Each structure stands twice: as structure tokens, then as C-alpha cells.
Amino acid sequence: MLNQGYWLTNVNLEQSYVMDGQEVTGTRTSLCHLRIENGVIAEIIGIETALQSALPKYDCHGLLLLPSFEEAHIHLDKTYYGEPWQAVKRIGSIFERIEEERQLLPKLLPEARGQAEHILQLIQRLGSTHVRSHCNIEPVSGLKRLEATKQALDAFSGKLSSEIVAFPQHGLLRSDSVGWMDQAMAEGATHVGGLDPATVDGDVERSLHAMVELAVRYQAGIDIHLHERDEAGKQTLQQLVKLTEQAGLHGKVTVSHAFWFANADAQEAEEMAIQMASLGMSVASTVPIGRMMMPLPMLHRHGVKVKLGTDSLTDHWSPFGNGDQLEKAGRYAELYGYSDELSLAQSLGFVTGGITPIDAQGNQVWPKVGDTASFMLVHASCSAEAVARRAKRQTVWYEGQWVSGAI
């Protein structure tokens, strides 16, 4: 932990884009000194100004400063991380996976807190200082996984911020989990979760109404897993949009995965995106590759808040998660063909809560005096290089506190 007030010297900050006519061809940076006080950036000066200060000084050796990351979707409470390697078992339906999980969860529970802490250490080392974790709430686990998740997050108090989604993994109605969800919200979960209302619960209207009622009762947000495609996915999204407006949940609803968009008619998808954007709705995506391609650029273009996340980090659902948000931003850029300086740099915003050092119009917007001192030093010349090359993270700060790495 650093002193309350200190200087970071010789920090490389992005200032503007290099232009060739109307085309961005590079990024202009300059070395600066930053004074950090009480968790915020209190002063920024160029290195040509001699420091006349008795405060501690930490030389950053010209490394690039980037905003820290938000992990928008991860499951901390059930994982093989830190345990011997296991690939997933082949299944024929989500119901087979749920049944497998019912048998597996009691075996994983004793290690749940410790494994969650190991994941938090990993993602923080990779630059994340905010995490939204989905936590199983169902009859097999009761509130035990919520307790373990809260304990793990408490161990990182002052080192990162967090949200917990009460997630009825076995179906809100199917597993009769409404009562458990109510208790989870009363015990500190921040968001009401859900899962495929048509496929798993068999009743879109009842399932979504139950979610919305809980959200209104606890003045909470909603974050629903929606893997459904075709008519089921469309019906669920239409109903969710309607209920979001009726319940006054503007800016509080996230659709995780939202796979309906991947195969939807282009015009219908754009119309849905416009409706969602008007209500401040978000989409959390893992940037899937393989059999489907989500139209994430279209969603973003129409004003839907697109955020990226890990989802599973080596568990019985998937063996592929690595917790690296910069890798996600790089995958996003690579998948959608964003190889030029401007689009690479702007791709960073999908993992930082929308913050980029230079905005799309070329204005320097971060960091500014008064901004929260949550950032990292990376081995890159600019944001574009950091995204394209998945730059090494050297040091991470959260609200002025040095939480990972070294200078």
C-alpha cells in the first residue's frame, strides 16, 4: 500500500492522434508526472517541470498508463481453477449439464472461497479492478455459494469493486428458486439473474415477471443469461424490453450472451438494438467464435452498451476462459477486422467501462485531474498496440492503492 499522497514520475500518456489527412496513422504521447492524493489524480504536469515536492516519488520508466478494466461477466463460485486439469464432458442439452452440476456442486463447495480468491488475484494481476460475478442460487447450493463469494470479495475490500448477480442456474421457475433468490437479494446480491425463460423455465412471461418483481422490490438491476435463439430468444427480448420500460428499470438491465442477435434478421436485430439502447440496456459478451458471430459492432453503433467478460474460467461448462480482459479486447478487434490505429484504440473501451485515453474524435479525455486513480502501467507505446499485442501489464492501481505488480 502506497502513502496517501505520492508522485508517479515519467508516465507515458496519450495526447492525440497523428493524422495524415483524415486518416489516423499513429498516436502522439508525452511523458508526465502524476500526483495521487486520496485515491484520485490530483495533478498532472509535464516532465519539463521540475518536481518541488517532499512526497514520495515512484519512477514509471516511460511505461504507458491505461485505465483499469471491468470484468463484466464471470462465475467466481464454481471453477476448477487451481485444481488438476479437467476438460468438459460432452452433453446433449443444457438440462444434462444442469444435472451434472447438481451432482458436482457439493464437491466443489468446500474450495469455493479459496478458488474465487485465486481467480480474483489472477484477474487483478491482468488489470481488472471491477468485477461482476454471477453466483449460483438454487436448492442444491442454497445461499452457501453466495456466502463463499461474498467472503472472497471481502478479502479484496479496498483492492477492487464488485457486484454479485444472484443466478438461478437451474432455472428460476424450474428449480423453484424464487424464494432462494429473494433471500439472496436480502443477503447482499446486487442484481437479479435469470436463465433462458422459454427453454429452461418454459414460461417467458412468468419467469421475467418474477425477475422484474424482485428487481423492483430490492431496487436492483437485472442481468439475465440468454442463450436462446430464433423465436424463443426474440420473444424473451421483446418481453424484457416491455417490462424494463414498464418497471422503470432504465439503465439497470443487462442481457448476457444475447445469442438471438447472432442469427436474427438484420433489420429485426437493428430494431431490437434501437429499443434496447433507448432503455439504457447493456449486452455482456464473451466475443464468441466458431459457430456464431455476434453483431457487437452493430449493437454498439446503435447505442447499446456492449461490455466484455470471461464467463467461465476453466470449469465444467468451458475450459477456455483465462480472465484476461485485454485478450478479449484484442479478440474483438481481430474478429471484426479492426486493425487500424483508431479502431484498435477505441476497442479498449469495451473492457474499461467505455473509457479510452483519446476519444473517437481525437480528443484527449483520460486521465484528467479529479479522475479516480484506478489504472495500470503496460509495456506498449499506445492503446492500439496494447490491444493488438495484448501488452504485458506491469503494475495495477485501484483508487490510488498499488494492488498488483511492481515498478
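Axes here are lines fitted to C-alpha atoms, for helices over the stretch in contact, with angles running from 0 to 180 degrees between N-to-C directions, and helices are DSSP runs (H or I, at least four residues) numbered from the N terminus. The model is predicted, so that local features need pLDDT of at least 70 and side-chain atom pairs count only at pLDDT 80 or more, while totals for chains, interfaces and linings use all residues. Residues are numbered from 1 along each chain as its sequence is written, and side-chain values use heavy atoms, with hydrogens and water left out.

Select residues 230–246 (helix H7) and residues 266–278 (helix H9), whose axes come within 10 Å and cross at roughly 25°. That makes H7 roughly parallel to H9, a term that covers angles under 35 degrees. The crossing is left-handed, meaning that the near helix is turned anticlockwise from the far one by less than a right angle. Now show the side chains: Lys 234, Leu 237, Gln 238 and Val 241 in H7 meet Glu 268, Met 272, Gln 275 and Met 276 in H9, where contact means heavy atoms within 4.5 Å.

From H2, display Ala 112, Arg 113, Ala 116, Glu 117 and Leu 120, which meet Arg 145, Ala 148, Gln 151, Ala 152 and Leu 153 in H3.

Methods:
Helix = DSSP H or I, 4+ residues; strand = E, 2+ residues; numbered from the N terminus. Parallel < 35°, antiparallel > 145°, perpendicular 65-115°, else oblique.
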